[in-house]
Amino acid sequence: MGGGDVRMLGSAGARDLQRERTMVIAPISSRIRQSADEKRAVVKFGQRIFSGGLGPDACDFLFGNPQEMPLRGLVEALIRHAEPRDTQWFAYKQYEPVAQEAVARSLTRSRGRPYAAADVAITAGGFGAIAAALLAVLEPEEEVLYPRPGWFNYGVLTRGAGGTPVPVDLVPDSFDLDPGAIAAAISPRTRVVVVNTPHNPTGRIYPRRQLDALARVLAEASARHGKVIYLLADEPYARIVLDGRTHVGPAESYPYTLIAYSYGKTLLAPGERLGWLALGPDMPEPDRVRLREAVTTAQVAHGWGFAGRTLQRALPELEELCIDIAALQSRVRRMVEGLRAAGYEVPMPEGTFYLIPRSPVPDDRAFAARLAEGGVWVLPGSLCDLPGRLRISLTANDAMVERSLPVFARAIREARR
(Lines give C-alpha, C1' and ligand atoms only; values in the text may rest on other atoms or scores of the structure.)
Protein backbone atom coordinates (compact mmCIF):
# COMPACT_ATOMS: atom_id res chain seq x y z
CA MET A 1 0.00 0.00 0.00
CA GLY A 2 1.56 3.34 -1.08
CA GLY A 3 1.27 6.78 0.49
CA GLY A 4 -1.81 7.62 -1.61
CA ASP A 5 -3.51 4.43 -0.46
CA VAL A 6 -2.86 5.37 3.18
CA ARG A 7 -4.52 8.75 2.60
CA MET A 8 -7.58 6.98 1.13
CA LEU A 9 -8.04 5.14 4.43
CA GLY A 10 -8.90 8.36 6.25
CA SER A 11 -7.43 9.40 9.56
CA ALA A 12 -8.93 6.50 11.57
CA GLY A 13 -7.76 3.91 9.05
CA ALA A 14 -4.31 5.47 8.90
CA ARG A 15 -4.05 5.34 12.67
CA ASP A 16 -5.01 1.65 12.65
CA LEU A 17 -2.41 0.92 10.00
CA GLN A 18 0.24 2.86 11.91
CA ARG A 19 -0.69 0.98 15.09
CA GLU A 20 -0.34 -2.33 13.24
CA ARG A 21 3.08 -1.34 11.91
CA THR A 22 4.17 -0.21 15.38
CA MET A 23 3.09 -3.52 16.87
CA VAL A 24 5.21 -5.37 14.32
CA ILE A 25 8.29 -3.18 14.72
CA ALA A 26 8.30 -2.28 18.42
CA PRO A 27 8.55 -5.63 20.25
CA ILE A 28 12.00 -6.82 21.32
CA SER A 29 13.19 -10.19 22.49
CA SER A 30 11.40 -11.14 25.70
CA ARG A 31 14.71 -12.52 27.02
CA ILE A 32 16.47 -9.22 26.45
CA ARG A 33 13.54 -7.28 27.90
CA GLN A 34 13.67 -9.37 31.07
CA SER A 35 17.42 -8.87 31.29
CA ALA A 36 17.04 -5.12 30.79
CA ASP A 37 14.41 -5.02 33.53
CA GLU A 38 16.69 -6.96 35.85
CA LYS A 39 19.68 -4.68 35.24
CA ARG A 40 17.82 -1.39 35.07
CA ALA A 41 18.50 -0.40 38.68
CA VAL A 42 22.26 -0.96 38.34
CA VAL A 43 22.42 0.70 34.92
CA LYS A 44 20.48 3.78 36.04
CA PHE A 45 22.60 4.01 39.17
CA GLY A 46 25.79 4.02 37.08
CA GLN A 47 24.41 6.46 34.52
CA ARG A 48 23.26 8.87 37.20
CA ILE A 49 26.66 8.88 38.87
CA PHE A 50 28.99 8.96 35.90
CA SER A 51 26.96 11.41 33.81
CA GLY A 52 27.81 14.14 36.32
CA GLY A 53 31.31 12.94 37.09
CA LEU A 54 32.65 12.02 40.51
CA GLY A 55 34.94 15.01 40.95
CA PRO A 56 38.74 15.13 41.16
CA ASP A 57 38.94 14.29 44.87
CA ALA A 58 36.25 11.61 44.89
CA CYS A 59 36.85 8.29 46.62
CA ASP A 60 35.68 5.80 44.00
CA PHE A 61 34.79 2.43 45.59
CA LEU A 62 32.08 1.62 43.04
CA PHE A 63 32.66 -0.90 40.25
CA GLY A 64 36.20 -2.22 40.59
CA ASN A 65 37.82 0.11 38.09
CA PRO A 66 41.55 0.74 38.64
CA GLN A 67 42.54 3.92 40.45
CA GLU A 68 46.28 3.59 39.86
CA MET A 69 48.36 3.35 36.68
CA PRO A 70 48.39 -0.07 34.94
CA LEU A 71 51.07 -2.65 35.65
CA ARG A 72 54.13 -1.76 33.61
CA GLY A 73 54.59 -5.37 32.55
CA LEU A 74 51.12 -5.36 31.01
CA VAL A 75 51.83 -2.22 29.01
CA GLU A 76 55.20 -3.48 27.78
CA ALA A 77 53.79 -6.87 26.76
CA LEU A 78 50.98 -5.27 24.75
CA ILE A 79 53.40 -2.90 22.99
CA ARG A 80 55.81 -5.73 22.21
CA HIS A 81 53.17 -8.03 20.73
CA ALA A 82 51.24 -5.34 18.87
CA GLU A 83 54.17 -4.75 16.50
CA PRO A 84 53.38 -6.82 13.36
CA ARG A 85 55.97 -9.26 12.05
CA ASP A 86 54.16 -10.48 8.97
CA THR A 87 51.10 -9.69 6.86
CA GLN A 88 48.92 -12.14 8.78
CA TRP A 89 49.68 -10.67 12.21
CA PHE A 90 46.11 -9.43 12.69
CA ALA A 91 44.32 -12.03 10.55
CA TYR A 92 41.39 -14.15 11.73
CA LYS A 93 42.39 -16.77 14.27
CA GLN A 94 40.45 -18.35 17.07
CA TYR A 95 43.20 -19.40 19.48
CA GLU A 96 46.92 -18.81 19.74
CA PRO A 97 48.48 -22.14 20.83
CA VAL A 98 51.02 -20.32 23.02
CA ALA A 99 48.13 -18.85 25.02
CA GLN A 100 46.37 -22.20 25.49
CA GLU A 101 49.63 -23.88 26.46
CA ALA A 102 50.47 -21.17 29.00
CA VAL A 103 47.09 -21.51 30.72
CA ALA A 104 47.29 -25.32 30.75
CA ARG A 105 50.78 -25.24 32.29
CA SER A 106 49.68 -22.78 34.96
CA LEU A 107 46.59 -24.80 35.86
CA THR A 108 48.57 -28.06 35.99
CA ARG A 109 51.17 -26.46 38.26
CA SER A 110 48.72 -24.76 40.62
CA ARG A 111 46.01 -27.40 40.84
CA GLY A 112 47.89 -30.67 40.68
CA ARG A 113 45.86 -32.05 37.76
CA PRO A 114 47.01 -32.55 34.14
CA TYR A 115 45.17 -29.84 32.19
CA ALA A 116 45.40 -30.11 28.39
CA ALA A 117 45.96 -27.09 26.16
CA ALA A 118 43.21 -28.36 23.84
CA ASP A 119 40.76 -28.05 26.74
CA VAL A 120 41.42 -24.31 27.14
CA ALA A 121 39.40 -21.76 25.15
CA ILE A 122 40.79 -18.21 25.18
CA THR A 123 37.87 -15.82 25.53
CA ALA A 124 36.92 -12.16 25.54
CA GLY A 125 37.16 -11.84 29.31
CA GLY A 126 35.18 -13.64 31.99
CA PHE A 127 31.95 -12.52 30.32
CA GLY A 128 33.00 -14.36 27.18
CA ALA A 129 34.00 -17.47 29.12
CA ILE A 130 30.66 -17.74 30.91
CA ALA A 131 28.68 -16.95 27.75
CA ALA A 132 30.55 -19.64 25.79
CA ALA A 133 30.00 -22.22 28.54
CA LEU A 134 26.27 -21.57 28.74
CA LEU A 135 25.76 -21.46 24.97
CA ALA A 136 27.68 -24.72 24.61
CA VAL A 137 25.56 -26.79 27.01
CA LEU A 138 22.10 -25.20 27.40
CA GLU A 139 18.96 -26.27 25.60
CA PRO A 140 16.24 -23.59 25.34
CA GLU A 141 14.64 -22.82 28.72
CA GLU A 142 16.95 -25.09 30.68
CA GLU A 143 17.79 -23.71 34.10
CA VAL A 144 20.97 -22.20 35.47
CA LEU A 145 21.19 -22.04 39.25
CA TYR A 146 23.42 -19.24 40.56
CA PRO A 147 24.24 -17.79 43.99
CA ARG A 148 22.32 -14.97 45.64
CA PRO A 149 23.82 -12.57 46.65
CA GLY A 150 26.16 -12.56 43.70
CA TRP A 151 27.38 -10.94 40.53
CA PHE A 152 24.55 -9.08 38.82
CA ASN A 153 25.17 -10.45 35.31
CA TYR A 154 24.48 -14.16 35.79
CA GLY A 155 20.81 -13.73 34.91
CA VAL A 156 21.61 -11.65 31.83
CA LEU A 157 24.12 -14.16 30.48
CA THR A 158 21.76 -17.05 31.18
CA ARG A 159 18.90 -15.45 29.27
CA GLY A 160 21.29 -14.51 26.48
CA ALA A 161 22.04 -18.21 26.06
CA GLY A 162 18.32 -19.06 25.99
CA GLY A 163 18.24 -20.40 29.53
CA THR A 164 16.18 -19.68 32.62
CA PRO A 165 18.02 -18.11 35.59
CA VAL A 166 17.23 -19.49 39.06
CA PRO A 167 18.88 -17.72 42.01
CA VAL A 168 19.61 -19.83 45.09
CA ASP A 169 20.32 -18.14 48.42
CA LEU A 170 23.61 -18.61 50.19
CA VAL A 171 23.55 -19.29 53.91
CA PRO A 172 22.67 -15.96 55.60
CA ASP A 173 25.50 -14.06 57.28
CA SER A 174 28.18 -16.72 56.67
CA PHE A 175 27.43 -16.70 52.91
CA ASP A 176 28.40 -20.37 52.69
CA LEU A 177 27.14 -22.62 49.96
CA ASP A 178 23.91 -24.35 50.93
CA PRO A 179 23.96 -27.79 49.24
CA GLY A 180 20.52 -28.55 50.65
CA ALA A 181 19.01 -25.43 49.11
CA ILE A 182 20.70 -26.20 45.80
CA ALA A 183 19.40 -29.77 45.87
CA ALA A 184 15.87 -28.48 46.54
CA ALA A 185 16.13 -26.03 43.62
CA ILE A 186 17.29 -28.61 41.08
CA SER A 187 14.55 -29.69 38.68
CA PRO A 188 14.41 -31.87 35.55
CA ARG A 189 15.21 -28.67 33.60
CA THR A 190 18.39 -27.82 35.53
CA ARG A 191 21.53 -27.95 33.41
CA VAL A 192 24.13 -25.73 35.13
CA VAL A 193 24.95 -24.73 38.71
CA VAL A 194 27.23 -21.73 39.13
CA VAL A 195 29.73 -21.46 41.97
CA ASN A 196 31.71 -18.23 42.35
CA THR A 197 34.75 -18.63 44.59
CA PRO A 198 36.28 -16.47 45.95
CA HIS A 199 32.82 -14.99 46.03
CA ASN A 200 31.84 -11.54 44.78
CA PRO A 201 30.83 -9.59 46.82
CA THR A 202 31.29 -11.38 50.15
CA GLY A 203 34.91 -12.51 49.74
CA ARG A 204 34.07 -16.05 50.89
CA ILE A 205 36.32 -18.91 49.76
CA TYR A 206 34.35 -22.15 49.88
CA PRO A 207 36.14 -25.00 51.68
CA ARG A 208 36.63 -28.43 50.15
CA ARG A 209 33.94 -30.03 52.34
CA GLN A 210 31.27 -27.70 50.95
CA LEU A 211 32.40 -28.30 47.37
CA ASP A 212 32.45 -32.06 47.97
CA ALA A 213 28.92 -31.89 49.37
CA LEU A 214 27.78 -29.95 46.32
CA ALA A 215 29.48 -32.50 44.05
CA ARG A 216 27.45 -35.29 45.66
CA VAL A 217 24.25 -33.30 45.13
CA LEU A 218 25.05 -32.76 41.45
CA ALA A 219 26.10 -36.37 40.83
CA GLU A 220 22.90 -37.69 42.43
CA ALA A 221 20.70 -35.22 40.57
CA SER A 222 22.42 -36.01 37.25
CA ALA A 223 21.75 -39.71 37.75
CA ARG A 224 18.17 -39.07 38.83
CA HIS A 225 17.31 -36.87 35.85
CA GLY A 226 19.29 -38.84 33.31
CA LYS A 227 21.53 -35.99 32.12
CA VAL A 228 24.73 -34.27 33.15
CA ILE A 229 24.32 -31.22 35.35
CA TYR A 230 27.40 -29.07 34.85
CA LEU A 231 29.14 -27.05 37.52
CA LEU A 232 30.33 -23.69 36.20
CA ALA A 233 33.16 -22.47 38.43
CA ASP A 234 33.40 -18.70 38.06
CA GLU A 235 36.91 -17.96 39.37
CA PRO A 236 38.13 -14.49 38.34
CA TYR A 237 39.44 -13.89 41.89
CA ALA A 238 41.27 -17.22 42.20
CA ARG A 239 44.60 -15.45 42.73
CA ILE A 240 43.25 -12.65 44.89
CA VAL A 241 43.26 -14.49 48.21
CA LEU A 242 44.16 -12.90 51.52
CA ASP A 243 45.94 -13.76 54.77
CA GLY A 244 47.91 -16.64 53.27
CA ARG A 245 44.84 -18.59 52.24
CA THR A 246 44.67 -20.71 49.10
CA HIS A 247 42.00 -20.93 46.45
CA VAL A 248 40.00 -24.18 46.44
CA GLY A 249 38.85 -25.23 42.98
CA PRO A 250 35.47 -26.94 42.43
CA ALA A 251 36.89 -28.95 39.51
CA GLU A 252 38.83 -31.10 41.97
CA SER A 253 35.52 -32.15 43.55
CA TYR A 254 33.31 -32.64 40.49
CA PRO A 255 34.47 -33.90 37.07
CA TYR A 256 31.82 -32.12 35.00
CA THR A 257 33.17 -28.68 35.81
CA LEU A 258 33.78 -25.78 33.44
CA ILE A 259 36.15 -23.12 34.81
CA ALA A 260 35.73 -19.48 33.79
CA TYR A 261 38.55 -17.01 34.44
CA SER A 262 39.30 -13.36 33.73
CA TYR A 263 42.61 -11.51 33.79
CA GLY A 264 40.69 -8.29 34.40
CA LYS A 265 41.04 -8.72 38.17
CA THR A 266 44.64 -9.89 38.53
CA LEU A 267 45.87 -7.26 36.05
CA LEU A 268 43.31 -4.62 37.06
CA ALA A 269 42.60 -4.05 33.37
CA PRO A 270 38.95 -5.08 32.97
CA GLY A 271 38.55 -3.16 29.72
CA GLU A 272 41.06 -5.35 27.87
CA ARG A 273 38.71 -8.38 27.85
CA LEU A 274 41.03 -11.36 28.25
CA GLY A 275 40.00 -14.62 29.90
CA TRP A 276 39.62 -18.33 29.37
CA LEU A 277 37.29 -21.28 29.80
CA ALA A 278 38.85 -24.61 30.80
CA LEU A 279 37.27 -28.05 30.87
CA GLY A 280 37.73 -30.04 34.07
CA PRO A 281 40.60 -32.52 33.60
CA ASP A 282 38.70 -35.38 35.25
CA MET A 283 35.81 -35.13 32.79
CA PRO A 284 35.63 -38.25 30.59
CA GLU A 285 37.65 -37.78 27.40
CA PRO A 286 34.74 -38.36 24.94
CA ASP A 287 32.72 -35.63 26.66
CA ARG A 288 35.68 -33.25 26.63
CA VAL A 289 36.17 -33.80 22.90
CA ARG A 290 32.53 -32.89 22.21
CA LEU A 291 32.69 -29.88 24.51
CA ARG A 292 35.82 -28.49 22.86
CA GLU A 293 33.98 -28.19 19.56
CA ALA A 294 30.81 -26.94 21.24
CA VAL A 295 32.64 -24.17 23.09
CA THR A 296 34.46 -22.99 19.97
CA THR A 297 31.20 -22.96 18.02
CA ALA A 298 29.52 -21.10 20.87
CA GLN A 299 32.19 -18.40 20.71
CA VAL A 300 31.42 -17.91 17.02
CA ALA A 301 27.68 -17.86 17.74
CA HIS A 302 28.26 -15.31 20.47
CA GLY A 303 29.67 -12.87 17.93
CA TRP A 304 33.28 -14.02 17.59
CA GLY A 305 33.86 -14.14 21.34
CA PHE A 306 37.58 -14.82 21.05
CA ALA A 307 40.22 -12.61 22.63
CA GLY A 308 42.20 -10.40 20.27
CA ARG A 309 45.42 -11.81 18.86
CA THR A 310 47.66 -9.24 20.54
CA LEU A 311 46.25 -10.16 23.93
CA GLN A 312 46.56 -13.87 23.17
CA ARG A 313 50.18 -13.54 22.08
CA ALA A 314 50.95 -11.57 25.22
CA LEU A 315 49.13 -14.02 27.50
CA PRO A 316 52.16 -16.14 28.50
CA GLU A 317 53.75 -12.99 29.94
CA LEU A 318 50.50 -11.68 31.42
CA GLU A 319 49.95 -15.04 33.10
CA GLU A 320 52.95 -14.28 35.32
CA LEU A 321 51.69 -10.84 36.38
CA CYS A 322 49.37 -9.89 39.23
CA ILE A 323 48.51 -6.85 41.27
CA ASP A 324 50.38 -6.47 44.55
CA ILE A 325 48.44 -8.76 46.88
CA ALA A 326 50.46 -7.65 49.92
CA ALA A 327 49.54 -4.02 49.23
CA LEU A 328 45.90 -5.00 48.74
CA GLN A 329 45.99 -6.95 52.00
CA SER A 330 47.31 -3.89 53.82
CA ARG A 331 44.61 -1.70 52.26
CA VAL A 332 41.88 -4.17 53.23
CA ARG A 333 43.14 -4.37 56.79
CA ARG A 334 43.36 -0.59 57.10
CA MET A 335 39.84 -0.10 55.78
CA VAL A 336 38.33 -2.82 57.96
CA GLU A 337 40.03 -1.49 61.08
CA GLY A 338 39.00 2.09 60.29
CA LEU A 339 35.38 1.14 59.64
CA ARG A 340 35.15 -0.98 62.77
CA ALA A 341 36.64 1.82 64.86
CA ALA A 342 33.92 4.12 63.51
CA GLY A 343 31.23 1.62 64.56
CA TYR A 344 30.52 -0.32 61.36
CA GLU A 345 29.90 -4.04 61.34
CA VAL A 346 32.15 -5.39 58.58
CA PRO A 347 33.49 -8.92 58.05
CA MET A 348 37.09 -9.51 56.98
CA PRO A 349 37.04 -10.99 53.44
CA GLU A 350 38.99 -14.15 52.62
CA GLY A 351 39.51 -13.15 48.99
CA THR A 352 38.52 -10.61 46.29
CA PHE A 353 38.92 -6.86 46.81
CA TYR A 354 35.46 -6.14 48.25
CA LEU A 355 34.16 -5.24 51.69
CA ILE A 356 30.50 -5.51 52.66
CA PRO A 357 29.86 -3.40 55.79
CA ARG A 358 26.35 -3.29 57.15
CA SER A 359 24.58 0.01 56.51
CA PRO A 360 23.81 1.85 59.78
CA VAL A 361 20.29 2.48 58.43
CA PRO A 362 18.02 -0.05 56.69
CA ASP A 363 17.90 1.99 53.47
CA ASP A 364 21.35 1.28 52.05
CA ARG A 365 20.71 3.48 48.99
CA ALA A 366 19.92 6.46 51.19
CA PHE A 367 23.05 5.88 53.24
CA ALA A 368 25.18 5.50 50.07
CA ALA A 369 23.76 8.85 48.92
CA ARG A 370 24.77 10.39 52.25
CA LEU A 371 28.34 9.13 51.76
CA ALA A 372 28.35 10.49 48.21
CA GLU A 373 27.62 13.97 49.56
CA GLY A 374 31.02 13.71 51.23
CA GLY A 375 32.71 12.51 48.04
CA VAL A 376 32.72 8.80 48.96
CA TRP A 377 31.04 6.58 46.39
CA VAL A 378 30.04 3.01 47.25
CA LEU A 379 27.64 0.53 45.70
CA PRO A 380 24.39 0.07 47.68
CA GLY A 381 24.09 -3.57 48.64
CA SER A 382 20.52 -3.77 47.37
CA LEU A 383 21.91 -3.55 43.83
CA CYS A 384 23.74 -6.85 44.29
CA ASP A 385 21.18 -8.74 46.43
CA LEU A 386 22.72 -7.55 49.70
CA PRO A 387 20.02 -5.25 51.09
CA GLY A 388 21.09 -3.41 54.20
CA ARG A 389 24.79 -3.55 53.28
CA LEU A 390 27.26 -1.60 51.15
CA ARG A 391 29.82 -2.93 48.68
CA ILE A 392 33.21 -1.23 48.78
CA SER A 393 35.69 -2.03 46.02
CA LEU A 394 39.27 -1.62 47.16
CA THR A 395 40.71 -1.21 43.70
CA ALA A 396 40.86 2.34 45.04
CA ASN A 397 44.23 3.72 46.08
CA ASP A 398 45.50 4.21 49.62
CA ALA A 399 44.95 7.97 49.52
CA MET A 400 41.26 7.40 48.79
CA VAL A 401 41.01 5.05 51.74
CA GLU A 402 42.50 7.67 54.08
CA ARG A 403 40.28 10.46 52.73
CA SER A 404 37.18 8.30 53.01
CA LEU A 405 37.47 7.15 56.63
CA PRO A 406 36.52 10.50 58.22
CA VAL A 407 33.51 10.66 55.87
CA PHE A 408 32.43 7.16 56.90
CA ALA A 409 32.84 8.10 60.56
CA ARG A 410 30.84 11.32 60.21
CA ALA A 411 28.06 9.59 58.27
CA ILE A 412 27.53 6.89 60.88
CA ARG A 413 27.50 9.44 63.71
CA GLU A 414 24.84 11.45 61.89
CA ALA A 415 22.80 8.32 61.18
CA ARG A 416 22.72 7.45 64.89
CA ARG A 417 21.48 10.82 66.11
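Two residues are in contact when heavy atoms of theirs lie within 4.5 Å. Keep that in mind for this tour of a predicted model.

**Stop 1: the whole chain.** Show everything as a cartoon: you'll be looking at 15 helices and 11 strands. The radius of gyration is 24 Å, close to the 22 Å that the globule rule gives for 417 residues, so the protein is as compact as a globular protein of that length.

Stop 2: Colour by charge next: the 51 positive and 47 negative charges have mean positions 3 Å apart.

**Stop 3: the inside.** Hide the surface again; 53% of the 417 residues count as buried. In soluble globular proteins, nonpolar side chains tend to be buried together. Select I122, L134, V192, L232, L258, W276 and L277, which touch the most other members of the largest nonpolar core, a set of 81 residues. Then pick residues 125-137: this is helix α6, which gives that core its largest share, 7 residues.

**Stop 4: zoom in on V192.** Which residues does V192 contact, leaving aside its neighbours within four places in sequence? They are L134, V137, L138, E143, V144, L145, I229, Y230 and L232.

**Stop 5: another core.** Finish by selecting I240, L371, V401 and A411, which are among the 33 residues of a second, separate core.

Conventions
Residues are numbered from 1 along each chain as its sequence is written. This is a predicted model: local features need pLDDT of at least 70, side-chain atom pairs count only at pLDDT 80 or more; totals for chains, interfaces and linings use all residues. Side-chain values use heavy atoms; hydrogens and water are left out. Helices (H or I, at least four residues) and strands (E, at least two) are DSSP runs, numbered from the N terminus. The radius of gyration is taken over C-alpha atoms; the globule rule is 2.2 Å times the number of residues to the power 0.38. Buried means under 20% relative accessible area, exposed over 50%, partly exposed in between (1.4 Å probe, protein chains only). Lys and Arg count as positive and Asp and Glu as negative; His and the chain ends are not counted. The place of a charge is taken as NZ of Lys, CZ of Arg, CG of Asp or CD of Glu. A nonpolar core is a set of buried Ala, Val, Leu, Ile, Met, Phe, Trp, Tyr and Cys residues joined through side-chain atoms within 4.5 Å.
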